[in-house]
Amino acid sequence: MTQIAKVIGEPGPDRYYSGLILHKEKAMIRSMTAFSRCEGQGGNGTLTWEIRSINHRYLEVSLRTPEDFRALENRVRETVSKHLSRGKVDCTLRFQADADAIHDIPLNEDMARRVLQACDKLQSLGAAKHPPGTLDLLRWPGVLNVAPADPTAVQNAAIALLNDALKELLAARTTEGQKLQAFIAERCATMRTIVSAVTARIPEVALRIREKLTKRLEELRAEVDANRLEQELVFLTQKMDVAEELGRLSMHLDEVEKLIKQKEPVGRRLDFLMQELHREANTLGSKSADIETTRASVDLKVLIEQIREQVQNI
């Protein structure tokens with residue numbers, strides 16, 4: 001088994017070498033996938049925020065709140081934008097009034113009467129006769145409206161609770177980011193090992209090219225000018241030289257390892273670097289002069305694609 005094969009191992013979910021020693025450092029990148037839920041008291045009831053975030057190119061906030069909290073929309077969006085810069089974020093606020101805080105159910109009799117009159121009119125026009133039940137009437141907007149006793153205080157409590165929920169969301173993103181950082185770092189280390197193995201084989205590959213050409217000439221029993229032979233060998237060696245691609249692969253890996261330790265958002269830059277790494281790995285395969293280098297190119301592209309899938313979520 002060659003050196004490259006030892007690094008890559010056999011196909012399977014655990015194929016890639018995981019025995020490399022990685023220094024555990026505090027994750028600087030965050031995932032865009034997370035969930036948080038915070039519950040607290042506000043006014044005369046219980047407030048509950050649920051926040052879900054998934055991958056998105058920009059920051060997109062979707063908000064669902066009870067009718068009495070619609071005025072909070074701008075404040076909610078501003079608050080979210082202070083904590084997050086990317087991701088599709090779904091924010092859901094629920095308010096459950098305390099049972100003992102409701103002494104009287106505020107029924108809007110005039111609105112209820114109008115709803116019943118509208119139903120009677122529809123039936124007179126030929127609509128199916130399905131009169132609304134009592135619970136249906138109570139659910140109709142404006143017929144029954146249990147509003148917080150002090151809207152301003154409850155809304156302020158909702159924003160304070162939103163901040164707590166966003167902090168929990170960021171903590172969840174950071175935890176997932178630590179896993180992503182370790183995932184990327186491990187595969188970068190594996191790629192470095194592959195690049196080193198291919199680099200070490202360059203002299204051997206060049207020697208094989210010379211031996212193969214010389215043997216072919218001997219089989220043909222052809223007399224070749226020694227100088228011309230050397231020129232052809234130099235030409236073939238230059239054509240199949242992969243040192244430049246290997247050098248660029250190492251440079252890009254340096255940049256990837258540097259980026260995953262930074263605090264600012266790096267998802268787009270990492271995505272660009274994955275494209276560059278894939279381009280160099282592809283060129284390495286196209287210029288390959290032996291089967292082991294071709295296999296190394298394929299293994300590199302597999303690792304790069306694995307990272308690229310995860311980078312979309314950073």
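Leaving aside its neighbours within four places in sequence, which residues is T46 in contact with?

Figure 1. Leaving aside neighbours within four places in sequence, T46 is in contact (heavy atoms within 4.5 Å) with E39, G40, Q41, R94, F95, Q96 and D98. T46 lies in strand 2 (residues 45-54); strands (E, at least two residues) and helices (H or I, at least four) are DSSP runs numbered from the N terminus. With a relative accessible area of 17%, T46 is buried (under 20%, 1.4 Å probe, protein chains only). Its side chain makes a polar contact with the side chain of Q41 at 3.0 Å (a pair of N or O atoms within 3.5 Å, one able to donate a hydrogen and the other to accept it; residues adjacent in sequence count only if both atoms are side-chain atoms).

**Figure 2. Packing of helix 8 (residues 243-259) and helix 9 (residues 267-286).** The two helices pack at an angle of about 160°, with axes 9 Å apart (lines fitted to C-alpha atoms over the stretch in contact, with angles from 0 to 180 degrees between N-to-C directions). Helix 8 is therefore roughly antiparallel to helix 9 (over 145 degrees).

**Figure 3. The protein chain.** The chain has 10 helices and four strands. Buried residues make up 34% of its 314 residues.

Residues are numbered from 1 along each chain as its sequence is written, and side-chain values use heavy atoms, with hydrogens and water left out. In this predicted model, local features need pLDDT of at least 70 and side-chain atom pairs count only at pLDDT 80 or more, while totals for chains, interfaces and linings use all residues.

Note on methods:
Parallel < 35°, antiparallel > 145°, perpendicular 65-115°, else oblique. Buried < 20%, exposed > 50% of the residue type's maximum accessible area, 1.4 Å probe, protein only.
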